[in-house]
Amino acid sequence: MVTLAEVAQHAGVSASTVSYVLSGKRSISTGTRQRVERSIQELGYHPNAGARALASSRSNIIALMVPLRTDMYVPVMMEIAIAVATTARAHGYDVLLLTGEEGPDAVRRITGSGLADAMIVMDIELDDERLPLLRSTDRPSVLIGLPADTTGLTCVDLDFAATGALCVEHLAALGHRDVAVIGEAPAVYERHTGFAERTLEGLRARSRELGLRVLHRPCEGGYDAMALTLARIFDERPGTTGFVVQNENAVEPLLALLRQQGRAVPEDVSVIAVCPDQVATQASVRLTAVTIPAQEMGRRAVEHLVAKLDGRAEDEVVLLAPELTVRASTGPAPGGA
């Protein structure tokens, strides 16, 4: 293994100069810095993580808190996590992944142990119990999600309220007046998870403005649960011609059940989804959808966190504007309804 002293000898400088180049604690001339960096690259030197942490008071590790719940669509969460890890590595940080449902205990563990320099927190609830600790610690953090009160926090998220509004605007423009929302599993709403609540809030508000009737039904996903949910919807609102689906596991069961009932998509019923692009394009009917920008959310979160670590950023809320892609699953309401 190449040592720091060997790098110094190769570059023709002192060991302390190599250390300053690595830590950035002192200003080094451009020529000297470039010479040291060339030696590091040519020799394949990798600083010892423990020694680097002691020297800089940093671990160069970011903790990513992503509870993997059974009622959430895990592929989206992991796509965000991969984007976080890739972007963090590009900035010289490694990622410590915490997947348990520990809540505030996980925050205490990170802040108390010095395991990580900063935190990215996912699966945000409107009144998330982790927030008081995140506000009180001196370790920077970024939320991927939006709580009810964003004071003293940095948040990155898709604008889910605007997403809900955009979905009903599209259906209203096609003449639909009775719309059913097939939502996430009931537990997601019981926890007041931010993205689900905000989508529903935006959808309902815009529906009132446009004169649409909206029926919301949570669904566990899967064929049996979707069959019961769909039967309830048509019992309560037989004239339903538009569906907004915010539940990836319910997409294909819904399309299959509509076919079985002789309801053609989009001639009889229109379906619009809030989902990853892959789910929309690989469904049995290519779905009109608002895509969840998972990679962009992960990338932005890391960039804001690194800026906070470097003292270049203050707390802020970044909401990504939703984009609707029209495909084969939406069309004019039947009979000009």
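## Aromatic rings and their neighbours

The charged end of Arg263 is placed over the ring of Phe234, at 3.6 Å from the centre of that ring. This description rests on a predicted model. Two aromatic pairs are present in the structure, and the ring of Phe234 belongs to one of them, together with the ring of Phe243.

**The pair of Phe160 and Phe195**

- Because Phe160 belongs to helix H8 (residues 160–173) and Phe195 to helix H10 (residues 194–210), the pair ties together parts that are 35 residues apart in sequence.
- Phe160 has a relative accessible area of 6% and is therefore buried, and Phe195, with a value of 19%, is buried as well, since the cut-off is under 20%.

**The pair of Phe234 and Phe243**

- The rings of Phe234 and Phe243 have centres 5.9 Å apart and planes at 75 degrees, which means that the pair counts as edge-to-face.

**Ser16 in helix H2**

- Ser16 is part of helix H2, which covers residues 15–23, and with a relative accessible area of 37% this serine is partly exposed.
- Ser16 and Ala5 are eleven residues apart along the chain, and their C-alpha atoms are separated by 9.1 Å.

Conventions. Residues numbered from 1 in each chain as written. Predicted model: local features only at pLDDT ≥ 70, side-chain atom pairs only at ≥ 80, totals over all residues. Heavy atoms only, no water. Helix = DSSP H or I, 4+ residues; strand = E, 2+ residues; numbered from the N terminus. Buried < 20%, exposed > 50% of the residue type's maximum accessible area, 1.4 Å probe, protein only. Phe/Tyr/Trp six-rings, centres within 6.5 Å; stacked < 30°, edge-to-face > 60°. Lys NZ or Arg CZ within 6 Å of the ring centre and 35° of its normal.
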